[in-house]
Amino acid sequence: MIHLLLWSFWISFFGFGQLWSQSCDYAMTTMIVRGTSMNGLFASGDTIRVAEGFFNCNAIDRNDIVLVKWTGNEAPLLKRVVGLPGDQVRLEPNHGRSNLLIGGEILRTADGTPYRFDQNASRMLRVYIDSYRGVIPKAAFIVLGNLPEGSKDSSHFGWVGRNMLIAKVIEEI
């Protein structure tokens, strides 16, 4: 009994109690892709299988394909996680547009084309980069479509919180 109490204290004291306070269940569902922002990875009309609630108990990794709940859109957005908490981020001018660099490397679409953001997208990204001194804060992420010029993604609405990542794409069917 003493060992159990000490174990419970250790878990609570060091914050590991959070692991057991959230449900680790997630629902597998299928969805139809709508739109073109993920062209090259998914086409409009493709069917995908997603795990809703997956991130309640699982890590978010770079290049995960996710569904993002954004208040400006009724349906969730399909995006790729490109920036993780702690990543160094900056913009670099490139012929009237800007490249986004993470960890000193130019960020590229899935086919290797560098992202090149216009002034509006660059301005949105710059707000976050300047506010957080070029480092993505804890529980924040950069999500992008697969179009080099950006889409309705972090270049449009900024960095997203973990709670906005509602599902992980498991496979295309």
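In what order do the seven strands of the open sheet stand? They line up as 1-2-10-3-4-8-9, paired antiparallel. Before the close-ups, a word on the model: it is predicted, so local features need pLDDT of at least 70 and side-chain atom pairs count only at pLDDT 80 or more, while totals for chains, interfaces and linings use all residues. Residues are numbered from 1 along each chain as its sequence is written, and side-chain values use heavy atoms, with hydrogens and water left out.

**View 1. The whole protein, from helices to strands.**
Four helices and 10 strands make up the secondary structure; helices (H or I, at least four residues) and strands (E, at least two) are DSSP runs numbered from the N terminus. Of the 173 residues, 38% are buried, where buried means under 20% relative accessible area, exposed means over 50%, and partly exposed is in between (1.4 Å probe, protein chains only). The protein exposes about 10,100 Å², with carbon and sulfur atoms supplying 54% of that; the areas come from the Shrake-Rupley method with a 1.4 Å probe, and for residues only the protein chains shown count as cover. Take the contacts (heavy atoms within 4.5 Å) between residues at least 6 apart in sequence: 60% of them join residues at least 24 apart.

**View 2**

**View 2. Strand 3 and its two partners.**
Strand 3 (residues 65-68) pairs with strand 4 (residues 77-83) in the antiparallel sense, over four bridges. V66 has K79 in strand 4 as its bridge partner. Strand 3 is also joined to strand 10 (residues 165-172) by three bridges, again antiparallel, and L67 stands opposite A167 there. In a regular strand, side chains alternate between the two faces of the sheet. Both faces of strand 3 are covered: I65 and L67 are buried on one side, V66 and V68 on the other.

Look for S37 in the loop between strand 1 (27-32) and strand 2 (47-52). S37 has 17% relative accessibility, so it counts as buried. Its side chain makes a polar contact with the side chain of K79 at 2.9 Å. (A polar contact is a pair of N or O atoms within 3.5 Å; within protein, one must be able to donate a hydrogen and the other to accept it, and residues adjacent in sequence count only if both atoms are side-chain atoms.) Leaving aside neighbours within four places in sequence, S37 is in contact with L78, K79, G145, N146, L147 and S151.

Strand 5 (89-94) and strand 6 (97-102) pair antiparallel over six bridges, with V89 opposite I102 in strand 6. Two residues lie between these strands in their hairpin, where H95 takes a positive phi near 50°. Strand 6 is then joined to strand 7 (residues 105-106) by two bridges, also antiparallel, and L101 stands opposite I106. That hairpin has two residues between its strands too, and G103 in the turn has a positive phi of about 60°. Five of the six residues of strand 6 are buried, so the strand is largely enclosed by the rest of the structure.

**View 3. The nonpolar cores.**
A nonpolar core is a set of buried Ala, Val, Leu, Ile, Met, Phe, Trp, Tyr and Cys residues joined through side-chain atoms within 4.5 Å. The largest has 16 residues, and V89, L100, I142 and L144 have the most contacts inside it. Strand 5, strand 6, helix 3 (119-131) and strand 8 (140-144) each supply at least two of its residues. A second, separate core of 15 residues includes F54, F55, V68 and L165.

**View 4. The disulfide.**
How many disulfides are there? The count is one, taking a disulfide as a pair of cysteine sulfur atoms within 2.5 Å. C24 is joined to C57, S to S 2.3 Å. The torsion about the S-S bond of C24 and C57 is about -95°, so the disulfide is left-handed. The two cysteines are 33 residues apart: C24 is in the loop between helix 2 (18-21) and strand 1, C57 in the loop between strand 2 and strand 3. C24, at 46% relative accessibility, counts as partly exposed, and C57, at 30%, counts as partly exposed.

Note on methods: Pairing = 2+ DSSP bridges.
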